[in-house]
Amino acid sequence: TTEIYTLSLHDALPIFAIAKPLTAILLLLGLTLVTGCGAPAESQSLRDRLKERAQQRQAGGSGQQASRAAAVPASAARLMTVTQGGRQRSFYVHAPSNLSSRPGAVLVLHGGGGGAGNALQTSEMNAAAARNGFLAVYPDAGGERWNDGRMATASSSDDVGFMRAIVAALQAEYGLDPSRVYATGISNGGIMAHKLACDAPDLVRAIAPVSANMPEALRAVCRGAGVPVMMFSGTDDPLMPFDGGRPQLDALLRRVRGSSDDQMVSSPATAAFWASRNGCGSAGSSALPDRSSDGTTITQVSYSGCNTGQVVLFQINGGG
């Protein structure tokens with residue numbers, strides 16, 4: 001039982017919330033942590049509840065969106081909308097009091113099943129914006145997953161166009177410097193950051209994907225070059241395989257989400273792809289100081305002599 005929900009946790013959690021205690025998540029479902037999975041009837045009931053929750057996350061819906069919007073205090077961010085692709089789409093903006101006259105902006109892209117409010121509350125990007133005087137921006141996929149270049153997430157939604165509309169709105173409202181727009185995100189949001197660098201290299205100054213390799217399908221059509229890339233990838237991630245290939249999802253989640261033949265490029269090969277596009281030389285690695293006894297260590301892989309954009313991979317050894 002614990003294993004099933006651990007596998008579903010990755011895409012369900014909002015951006016940067018992977019470190020929250022698993023116990024709290026399980027208690028939220030009304031579960032009791034035990035060593036076994038309980039009686040067959042209890043196990044089946046649990047599977048039904050998990051399936052229902054996964055379907056709700058997959059479907060999104062206006063009620064879920066309203067709940068996410070209501071959870072964000074007005075003092076934390078401003079809710080803005082743009083009309084793009086024939087529909088109204090929303091995003092949150094935090095403009096700190098020390099905002100510069102020509103500010104930069106960081107687009108924080110939530111994971112699959114999450115929302116802009118989730119990313120705002122858990123990423124701590126507002127605090128970073130306050131320290132450095134930039135706009136923290138939280139686009140919302142509208143109850144859907146970002147159309148990030150995978151077959152499993154393919155839709156008619158023009159999410160690259162949405163980001164362009166956001167930048168235009170921020171230029172008009174806050175005097176945004178369009179040459180200083182950055183993108184980060186986790187899982188589905190991180191892959192969307194790769195897609196922005198591929199499809200709109202003129203839009204983003206740099207990207208920082210978390211738990212997000214490049215899909216094979218996106219690499220085959222990627223036009224991007226000259227965009228600096230900073231990646232964070234766990235070697236033991238069961239849903240975003242460090243070594244690439246098809247994610248080994250739990251059978252229950254595959255039934256809920258639908259089957260897919262998506263293949264992921266490995267984390268090192270994704271970094272190497274961007275290094276090649278940015279005219280970099282060879283890669284070198286170094287161990288970073290281990291400051292936390294959490295069972296993981298960090299290896300920094302950096303490429304030398306990059307012509308148009310630095311590339312670095314933070315390899316989280318033992319990271320899930």
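These legends accompany several close-up views of a predicted model.

Residues are numbered from 1 along each chain as its sequence is written, and side-chain values use heavy atoms, with hydrogens and water left out. Because this is a predicted model, local features need pLDDT of at least 70 and side-chain atom pairs count only at pLDDT 80 or more, while totals for chains, interfaces and linings use all residues.

**View 1. The disulfide of Cys198 and Cys222.**
Let's start with the sulfur atoms of Cys198 and Cys222, which sit 2.1 Å apart and form a disulfide (a pair of cysteine sulfur atoms within 2.5 Å). The torsion about this S-S bond is about -100°, so the link is left-handed. Cys198 belongs to helix α8 (residues 188-199), and Cys222 to the loop between α9 (216-221) and β7 (229-234), 24 residues apart. Helices (H or I, at least four residues) and strands (E, at least two) are DSSP runs, numbered from the N terminus. Both Cys198 and Cys222 are buried; buried means under 20% relative accessible area, exposed over 50%, and partly exposed in between, with a 1.4 Å probe and protein chains only.

**View 2. The disulfide of Cys280 and Cys306.**
Here the sulfur atoms of Cys280 and Cys306 are 2.0 Å apart, and with 110° about the S-S bond the link is right-handed. Cys280 lies in the loop between α11 (267-277) and β8 (283-287), and Cys306 in the loop between β9 (297-303) and β10 (311-317), so the pair ties together parts 26 residues apart in sequence. Cys280 counts as buried at 17% relative accessibility, whereas Cys306, at 24%, counts as partly exposed.

A nonpolar core is a set of buried Ala, Val, Leu, Ile, Met, Phe, Trp, Tyr and Cys residues joined through side-chain atoms within 4.5 Å. The largest has 47 residues, and those with the most contacts inside it are Phe91, Val137, Met163, Leu170, Leu196 and Trp274. Helix α7 (residues 159-174) supplies the largest share of this core, 9 residues. Leaving aside residues up to four places away in sequence, Leu170 touches Met80, Phe91, Val93, Leu135, Val137, Gly175 and Leu176; contact means heavy atoms within 4.5 Å. A second, separate core of 15 residues includes Val106, Ala119, Leu120 and Tyr138.

The structure holds 8 salt bridges (a side-chain nitrogen of Lys or Arg within 4 Å of a carboxyl oxygen of Asp or Glu). Glu173 pairs with Arg78, the closest N and O atoms being 2.9 Å apart. Glu173 lies in helix α7 and Arg78 in strand β1 (residues 78-84), so this pair ties together parts 95 residues apart in sequence. Asp159 and Arg89 meet at 2.9 Å, N to O, and join helix α7 to strand β2 (residues 87-94), 70 residues apart; Asp159 and Arg89 are buried. Arg180 meets Asp177 at 3.4 Å, and Arg102, Asp177 and Arg180 are linked in a network of salt bridges.

**View 3. Stretches to read with care.**
The chain averages a pLDDT of 81, and 74% of the residues score at least 70; pLDDT is the predictor's confidence in each residue, from 0 to 100. The value stays under 50 over residues 1-43 and over residues 57-70. Where pLDDT is low, the predicted coordinates should not be read in detail.
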